[in-house]
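Dear colleague,

Please find the structure below, handed over for your review. The findings follow directly after it.

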Amino acid sequence: LNPNHPTLRGTAQSGDIYFQNVEAANTIVAKVPDAVRQAMLWVKELTGREYDLFQYVGHPQATDVVIVMGSGAQVLEELIDSYGPSKRVGILKVHLFRPWCTKHFLSQLPSTVRRIAVLDRCKEHGVGEPLYTDVCATLQPYPNRRIIGGRYGLASKDFTTGMAHAVFLNLAASVPKHPFTVGIVDDVTNLSLEYTEMMTVPDGTVQCMLWGFGSDGTVGANKNAIKLISKETQLYTQGHFAYDALKAGGVTCSHLRFGPKPIKASYEITAGCSYLAMHKKEYLNTFSVQNIFGPLQEGGTFVLNSPWTNAEQLRENLKLEFRQFLVHKKIVVYNIDASSVARQAGMGRLINNIMQTVFFHLANVMEPAKAIELFKVEVMKTYKSKGPEVVKKNIDAIDMALDNLHRIQLPDGWEVARAGETQRPLRERNMAVPNLVTDVLDPMQLREGGTLPVSKFIPGGVVELGMTQWAKRAVAQKIPVVDMDKCTQCNKCASICPHAVIRPFLASPAEMKSAPAGFETRRATGGNAYAGLHFRIQASPMDCTGCEVCVTSCPDNALVMKDVERALKDGHKDAWDFAMTLPSRGERFDPFTVKGAQFNQPLLEFSGACEGCGETPYAKLLTQLFGKRMILANATGCSSIWGATAGWIPYTVDKKTGRGPAWGNSLFEDNADYGLGMVLSISQRRLHLAKVVEAAIQALVGTPEVQSTLVQWLEKKDDKEMSQIVGDRLQGLLKADADAKTLPAELKEVWRLRDLLGRPSMWMMGGDGWSNDIGFGGIDHAVALGENINILILDTEVYSNTGGQSSKATPLGSVAKFAQKGKRTQKKDLGGLLMTYRGVYVASCAMGANYAQCVKALQEAEAHDGPSVVLCYAPCIEHRTKTGLSNMGNDMKAAVDCGYWPLYRHDPNRIKLGEPAFQLDSKITNGKVKEFLRNQNRYSQLERAYPEDAKRLVADLDAHLA
């Protein structure tokens with residue numbers, strides 16, 4: 001659009017002219033293929049890469065051709081290269097799908113073709129997928145050609161040359177499967193093709209695998225290595241980085257390839273790996289020998305980061321089957337205690353550059369000395385913005401690496417079983433477990449989910465709760481251990497724990513008779529409700545992430561971190577297992593107190609959030625207060641990933657009742673609308689239930705006790721506690737007749753709607769990106785309607801889930817992606833905006849600063865008859881706090897103490913009592929804003945890069961907060 005030659009676009013067109021207007025574009029659309037083809041020629045001139053609308057590769061007189069679009073084409077091309085020139089097969093790669101150009105398609109397809117397989121990377125519920133239907137329509141005038149269609153690689157599932165070979169075999173069969181799938185086992189509709197993996201990468205290709213731990217820096221260091229090798233050698237390079245969804249602390253596996261010929265293998269390494277590094281020794285007890293060592297070729301190199309620096313220590317700590325593999329495959333074994341080197345260099349847990357130095361030394365990709373010197377230069381560039389101290393620590397770590405690398409010579413008999421040693425199962429459990437765990441969850445959690453057949457899944461992606469209780473990842477090197485003589489039983493450690501791994505337990509004298517020796521207790525204190533009970537704080541060694549937040553948040557210094565091996569020997573696993581058999585006694589106490597809430601079973605446990613995550617304590621507390629009757633609409637983001645990754649569901653059910661959070665996710669942008677729809681739906685359905693109950697009362701059906709209970713329910717239907725209690729009693733009265741199918745017609749409908757008898761607690765939850773940016777319009781709409789909705793906003797002040805991009809919640813002067821020179825506008829005052837609506841409850845919380853205020857805010861928000869919004873300050877790994885997330889609770893307190901994050905509650909119900917709606921709960925501040933900001937690299941980074949800008953922006957922020 002330009003005012004020098006003004007036009008108007010986007011008119012409202014009625015049916016009389018719209019059709020003609022669309023058809024008028026036909027001549028323009030017909031020119032698009034030639035225009036795109038010309039652009040491809042320009043790309044060729046600039047880069048040397050040759051493309052066409054349709055590109056054929058293979059035998060010029062092929063009889064069998066696969067038509068494919070996207071990355072799968074390279075895999076098929078690699079397979080054809082391995083076949084050699086004599087096999088009459090080929091592939092037709094589609095580079096322009098829309099508009100489809102029949103002329104160019106036919107010009108590339110060999111006239112000798114008799115059989116065609118079309119591969120689509122999508123799923124349609126029709127006669128076939130889009131590419132397949134286009135090919136069929138194009139070739140309809142040309143008889144004597146068989147065309148079949150299949151699906152592959154959905155959701156980036158690996159597509160390998162073995163799978164591609166199966167497609168050609170199926171195509172050549174006398175009666176091929178059509179439609180078909182490849183890459184899965186379909187034992188329901190039996191559409192899948194069987195396949196065997198193949199080794200087809202070009203000769204001379206070096207393949208390397210490096211297993212890392214989320215947030216240990218391994219992936220970033222490998223990316224730097226690839227760039228360096230690409231720049232300094234004539235080798236082709238490729239990197240693929242596989243992550244699980246467990247945020248920081250999850251498994252990462254880097255697949256690197258280097259070679260003299262182009263690399264077309266767009267799939268993970270399955271064979272021919274010459275260098276394998278294990279950066280976290282705990283994985284050797286978590287995953288199978290085939291999962292870790294399966295791709296490692298005979299005579300390959302294995303590097304382990306561990307404190308086991310000689311053959312005897314390795315023999316004592318490596319499982320039997322691992323030792324046997326290393327010996328039988330003649331693997332060259334190296335060990336480095338990189339974690340110790342990192343600590344000596346002042347790098348904390350970051351071992352990435354240490355292990356990368358070892359990689360350059362052993363992988364035989366570049367001349368080692370030259371590679372390491374160039375690597376140092378790249379490290380200096382990478383960390384320059386973080387200051388000279390950080391750069392020096394990284395260089396020191398690199399220089400120390402090779403001095404601590406040791407080749408382990410394996411003596412004869414090293415692989416032989418020690419006295420009494422047998423092969424141990426991957427998962428050792430002291431209890432019977434559901435089939436779902438062994439058949440589905442274990443394979444998914446052990447990186448073998450790709451082998452699961454279709455029959456193991458519920459259509460629609462519905463999953464059961466309580467999956468993470470079976471994971472037992474055992475990733476912590478140290479766990480918190482309590483000194484019961486110092487513990488004052490405040491339960492703050494349990495409140496702030498991001499993963500619900502440390503909890504308070506109460507045991508009766510009778511129960512204590514079966515307690516293990518390590519389950520040390522003290523008399524429970526706090527009043528009559530605690531009389532006769534024994535109190536214990538206990539952490540789960542197998543579920544803890546080792547974040548230390550409980551230790552740094554304990555007001556009594558009653559917790560210390562202990563090596564997990566020592567803790568296990570001291571009986572802490574047995575103590576936890578015993579604690580989990582104790583009954584919940586939460587009903588004895590006021591749940592709306594800091595201490596009382598923690599005696600309620602957390603219905604969010606062992607999530608995949610980062611260690612030290614600032615979001616999960618709020619969500620966990622929410623489940624302890626309302627979880628047994630909660631319906632939750634969750635926006636896409638961090639909270640949906642740590643909260644609902646298939647195979648790792650941390651939401652669980654109450655042991656006594658089987659009730660728990662009912663959770664749903666639609667999209668990122670529409671969560672408020674999604675949650676509002678749930679609220680309106682439940683409201684209408686419960687209105688219908690009330691009418692049905694009224695009809696049953698008027699008809700006088702059922703026993704006098706049933707009639708009395710129906711009347712009571714009608715009176716208490718809007719009471720959040722009593723509606724469930726009376727509803728449970730009513731179900732008990734009706735169950736026998738319902739089972740016998742003798743209920744009167746009026747009561748049949750009551751029975752059908754029985755899951756609505758209890759009034760649910762309706763919540764929406766999401767991060768600051770959703771609430772301040774793309775989802776704000778939905779929140780504004782939902783709040784303005786005045787419905788009884790509750791919204792929990794987890795404010796990390798950036799888009800945490802996608803890598804730390806700036807949001808409208810990002811404060812002035814903070815460095816984030818898309819704000820590399822510091823955010824130039826103030827943080828959006830979301831609470832202030834929402835307070836402009838009458839009747840809206842708004843609270844601002846920071847749990848580590850004021851636990852009681854946080855509990856009170858959630859209680860008031862849920863009790864409020866109308867919209868309520870609770871804003872929660874959540875420290876995040878993206879804040880790059882210098883003291884790390886181990887001080888997450890103290891960081892919350894520091895934010896409040898200096899005035900950076902105010903605590904308040906705006907409760908419209910107070911107006912009816914003649915009191916002001918707004919209450920400021922953080923009334924005294926110390927003014928140390930600059931000190932608080934300097935502890936976070938997102939602010940101090942700006943001081944180093946743009947000192948004048950930083951000075952001005954921080955001053956403006958300080959003035960704004962004041």
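Helix α7 (residues 218–232) packs against helix α13 (residues 368–383) at an angle of about 120°, and their axes are 10 Å apart. The model is a predicted one, in which local features need pLDDT of at least 70 and side-chain atom pairs count only at pLDDT 80 or more, while totals for chains, interfaces and linings use all residues. Residues are numbered from 1 along each chain as its sequence is written, and side-chain values use heavy atoms, with hydrogens and water left out.

Helices (H or I, at least four residues) and strands (E, at least two) are DSSP runs, numbered from the N terminus. Axes are lines fitted to C-alpha atoms, for helices over the stretch in contact, and angles run from 0 to 180 degrees between N-to-C directions. Angles under 35 degrees count as roughly parallel, over 145 as roughly antiparallel, 65 to 115 as roughly perpendicular and the rest as oblique; α7 and α13 are therefore oblique to each other.

From α7, the residues Asn224, Leu228, Lys231 and Glu232 meet Lys370, Ala371, Leu374, Phe375, Glu378, Lys381 and Thr382 of α13, where contact means heavy atoms within 4.5 Å. The residues of this contact comprise four nonpolar, two polar and five charged. In this division, Ala, Val, Leu, Ile, Met, Phe, Trp, Tyr, Cys and Pro count as nonpolar, Asp, Glu, Lys and Arg as charged, and the others, Gly among them, as polar.

Burial of helices

Buried means under 20% relative accessible area, exposed over 50%, and partly exposed in between (1.4 Å probe, protein chains only). Helix α22 (residues 616–626) is mostly covered, with 11 of its 11 residues buried. Among them are Tyr618, Lys620, Gln624 and Phe626.

Gln707 belongs to helix α25 (residues 704–716) and counts as buried because its relative accessibility is 12%. Leaving aside residues up to four places away in sequence, Gln707 touches Ala696, Ile697, Leu700 and Val701.

Salt bridges

How many salt bridges does a search of the whole structure find? The search finds 46, a salt bridge being a side-chain nitrogen of Lys or Arg within 4 Å of a carboxyl oxygen of Asp or Glu.

One of these joins the side chains of Glu389 and Lys393 (3.5 Å, N to O). Both residues lie in helix α14 (residues 388–401), four residues apart, about one turn of the helix. An α-helix has 3.6 residues a turn, so residues three or four places apart point the same way. Glu389 counts as exposed at 54% relative accessibility, whereas Lys393 counts as partly exposed at 27%.

The side chains of Arg418 and Glu421 also meet in a salt bridge (3.6 Å, N to O). Arg418 is partly exposed, with 28% relative accessibility, while Glu421 is buried, with 16%.

A further salt bridge is formed by Lys456 and Asp439, whose closest N and O atoms are 3.6 Å apart. This pair links distant parts of the chain, with Lys456 in the loop between α15 (435–445) and β15 (478–482) and Asp439 in helix α15, 17 residues apart. Lys456 counts as partly exposed at 35% relative accessibility, and Asp439 counts as partly exposed at 34%.

Backbone geometry

Most residues other than glycine have a negative phi, and most peptide bonds are trans. The peptide bond from Arg98 to Pro99 is cis, with omega near 0°; Pro99 is located in the loop between β3 (89–94) and α4 (102–108). His178 and Pro179 are likewise joined by a cis peptide bond, with omega about -10°, and Pro179 sits in the loop between α6 (161–172) and β6 (180–182).

Asn190, in the loop between β6 and β7 (192–193), has a positive phi near 55°. At 48% relative accessibility, Asn190 counts as partly exposed. Ala474 also has a positive phi, of about 55°, although it is not a glycine. Ala474 lies in the loop between α15 and β15 and is partly exposed, with a relative accessible area of 23%.

With kind regards
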